[in-house]
Amino acid sequence: MIPFRDNIPSRSFPFITVSLITANVFVFFYELSLGSRSFERFIMHYGVVPTTVLAWPQSHIPFTAVALPFFTSMFLHGGWLHLIGNMWYLWIFGDNVEDRLGHFNYLLFYLLCGLGAGIVHTVLNSQTSVPSVGASGAIAGVLGAYVVSFPFARVLTLVPIFMFLQVIEIPAVLLLIFWFLMQFLYGTAALATTTANAGGVAWWAHVGGFVIGIILVGLFPGKDRARYGYSRYEKIVRITADDPRWEFPDAKFRDFNEKIILPGFVDTHVHLPQFAMMGVGEGELLTWLNTYTYPEEARFADPAYAEEISTTFFDELVANGTTTAAIYCSIHEPATDIAFIAARAKGVRAFIGKVMMDRNSPPGLMEDTERSIHDSVRLFEKWDNTDGGRLRYVFTPRFAASCSISLMHRVGQIARETGAFVQSHLAENVNEVRWIRDLFPDKPSYAGVYDDAGLLGARTIMAHCIHLSAEEINLLAKREVKIAFCPYSNQTLRSGTMPYRKLQDAGLMISLGTDIAGGPSLSMFEQMREAIRPTAMTPTEALYLATLAGARSLGISDHIGNFAAGKDADFIVVDVKPRRKAEEALSTLCLESDKKCVVEVYVRGNLMYF
Ligand code: GUN
Ligand code: FE
């Protein structure tokens with residue numbers, strides 16, 4: 001197992017970690033330059049030899065000669081593997097502990113852990129005359145501090161699974177156990193070269209260092225805990241006009257001055273695999289799908305491409321101020337897995353589904369019905385309600401034109417039995433509606449097709465809903481279906497204008513979706529602007545659609561959507577021209593803002609973008 005990186009970025013340049021690594025490497029090169037006899041003497045002199053230490057003070061060795069090795073031994077290594085293994089772990093985990101403690105305290109912490117580990121080793125190996133060297137004791141302390149500071153951290157790791165090497169995310173805790181086991185090997189290899197009675201593995205130095213790290217990190221004042229404490233600072237306590245600092249003396253205080261703080265946006269309709277083709281294409285829906293969209297989605301058969309786009313997608317989503325989204329993936333099960341992993345790493349709330357299409361689709365995207373159901377159910381079982389309930393699975397039959405009746409029936413049945421979410425497209429384009437009428441001549445309407453299959457319910461999100469009859473609107477309202485209004489996409493694909501007031505008057509819950517790449521922007525600011533244009537809704541209403549209405553549509557308004565006490569601290573800081581009145585500020589937000597105005601984004605109290 002080889003770790004690559006963890007999912008917690010450094011907040012400041014980890015210059016102590018870098019300096020420690022540099023020092024260790026320099027000393028190692030110096031060791032290499034020595035002949036084998038002088039190398040042995042060097043190690044005896046600067047390594048910790050328990051018998052020598054314990055013979056003091058009777059042995060008349062000066063105190064400094066006994067004490068010094070406890071520090072110098074931390075910078076010595078017995079071999080390449082020993083050095084590289086240690087430094088690699090320090091590089092991956094040290095930066096975050098350095099962030100948490102502050103640079104100076106981190107250095108002090110590191111040295112104390114190394115010292116403590118050396119003492120533990122000496123006491124428990126009192127008969128050993130083998131010198132002990134290596135940074136592992138101090139690094140064990142760093143790992144101990146890491147585990148208690150970032151208990152939910154995950155590490156991207158190269159793991160051999162049967163005969164294949166796979167890069168997967170594993171809990172940092174698991175990797176740590178592996179590190180302990182590896183120490184046996186490194187330690188043995190390290191000392192076998194210097195002395196005959198090798199096997200002086202500093203096992204207890206590692207355990208000691210680790211425990212000392214856990215204890216010490218709690219004693220040091222935390223520099224920046226508010227940014228990390230997933231459990232302690234993730235909720236909104238309350239919104240107040242008073243200065244709350246006296247009440248929370250150790251909380252970090254930020255003055256955003258005239259900037260505006262808004263709830264994180266909720267995007268209720270977005271296609272992840274269309275991210276790379278945002279702004280590309282022309283023509284109306286069906287031409288656009290065949291010419292541009294399907295070929296791009298077919299590329300998600302390649303997991304490496306899926307990983308690249310998924311990671312960028314979630315970075316960009318958050319950079320735009322969106323902290324919750326209902327997402328369509330491609331038909332590919334591995335790519336959908338990857339999307340879930342990327343969402344979890346980013347910490348956002350995400351409702352994600354593998355698109356299902358078993359007819360009228362190009363060869364590379366046409367699924368077998370059974371396979372489509374099987375893969376979707378597997379993903380549902382694997383991911384629904386994971387990451388503390390923040391990740392949900394959504395069954396995603398693409399639209400009635402690309403799904404057989406039997407597929408839709410099966411999905412309807414599963415949704416009824418499990419209470420799972422469903423999302424699809426409905427009545428977006430006149431040619432599409434005509435096509436549906438041809439494909440399903442015995443069904444009363446487009447919405448009627450879905451209703452027959454049992455796909456309409458309170459946990460169903462239908463996108464677009466432009467060309468609907470009065471009967472269809474009533475049917476959707478009766479079934480409590482949620483509507484994703486995608487005004488920018490409707491404009492770009494020339495699909496028409498959603499009858500916003502009519503749907504609203506029918507009692508339907510409507511929220512906003514970017515529908516990239518039908519829509520050319522991931523920004524919910526731009527969605528609000530495009531929503532106001534054809535409907536003449538107020539900016540306040542547009543903001544509601546982009547936040548709380550989305551939360552209500554997804555059934556999570558007790559967790560997000562506004563700043564009510566106890567909700568997740570998902571919020572964004574926006575820099576727009578200061579206005580005198582709230583209404584003026586709101587219209588500026590809707591009509592004059594975009595991604596560039598988003599200066600900071602917090603997900604559950606953690607700064608995720610700045
Ligand atoms: N209808 C079926 N698939 C799609 C899609 O990918 N985008 C949009 N806008 N409409 C669709
Ligand atoms: Fe769409």
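User: Which residues does Glu541 touch, not counting residues up to four places away in sequence?

Analyst: The model is a predicted one. In it, Glu541 touches Tyr500, Arg501 and Gln504 when residues up to four places away in sequence are not counted. A touch here means heavy atoms within 4.5 Å. Glu541 itself has its place in helix α22, residues 539–546.

User: Why does Glu541 count as buried?

Analyst: The relative accessibility of Glu541 is 16%. Buried means under 20%, so Glu541 counts as buried.

User: What makes Ala342 buried, and what does Ala342 touch?

Analyst: Ala342 has a relative accessible area of 13%. The cut-off for buried is under 20%, so Ala342 falls into that class. This residue is found in helix α13, residues 333–346. Leaving out residues up to four places away in sequence, Ala342 touches Ser310, Thr311 and Phe314. As for Gly279, the C-alpha atoms of Ala342 and Gly279 are 23 Å apart in space, and the two residues are 63 apart in sequence.

User: Which atoms coordinate the iron ion (ligand 2)?

Analyst: The iron ion (ligand 2) is coordinated by NE2 of His269, NE2 of His271, NE2 of His425 and OD of Asp515, at 2.1 to 2.2 Å. Donors are N, O and S atoms within 2.8 Å of the metal, so these atoms qualify. Along the chain the donors follow the spacing H-x1-H-x153-H-x89-D.

User: Where do His425 and Asp515 lie, and why can the pair be said to tie parts together?

Analyst: His425 lies in strand β10 (421–426), and Asp515 lies in the loop between β13 (509–512) and α21 (524–535). These parts are 90 residues apart in sequence, so the pair ties them together.

User: How do you know whether His425 and Asp515 are buried or exposed?

Analyst: Relative accessibility is 6% for His425 and 4% for Asp515. Buried means under 20%, so His425 counts as buried, and so does Asp515.

User: Why is the site of the iron ion (ligand 2) called irregular?

Analyst: The angles among the four donor atoms run from 89 to 172°. Four donors count as tetrahedral if all angles lie between 85 and 135 degrees.

User: What is the order of the open sheet of three strands, and what makes β1 and β3 its edges?

Analyst: The order is β1-β2-β3, with antiparallel pairing. β1 (2–6) and β3 (164–171) each have a single partner strand, so one side of each is left without a neighbour in the sheet. On average, neighbouring strands of this sheet are turned by 25° against each other, direction ignored. Helix α5 (residues 80–101) packs on the sheet and touches β1 and β2. The direction of α5 makes about 20° with that of β1.

Key:
Residues are numbered from 1 along each chain as its sequence is written. Chains are lettered from A and ligands numbered from 1 in the order in which they are written. This is a predicted model: local features need pLDDT of at least 70, side-chain atom pairs count only at pLDDT 80 or more; totals for chains, interfaces and linings use all residues. Side-chain values use heavy atoms; hydrogens and water are left out. Two strands pair if DSSP finds at least two bridges between them. Helices (H or I, at least four residues) and strands (E, at least two) are DSSP runs, numbered from the N terminus. Axes are lines fitted to C-alpha atoms, for helices over the stretch in contact, and angles run from 0 to 180 degrees between N-to-C directions. Buried means under 20% relative accessible area, exposed over 50%, partly exposed in between (1.4 Å probe, protein chains only). Donors are N, O and S atoms within 2.8 Å of the metal (3.2 Å for Na, K and Ca); water is not among the atoms, so sites may look incomplete. Four donors count as tetrahedral if all angles lie between 85 and 135 degrees; four count as square planar and six as octahedral if opposite donors are over 155 degrees apart and all others between 65 and 115; anything else is irregular.
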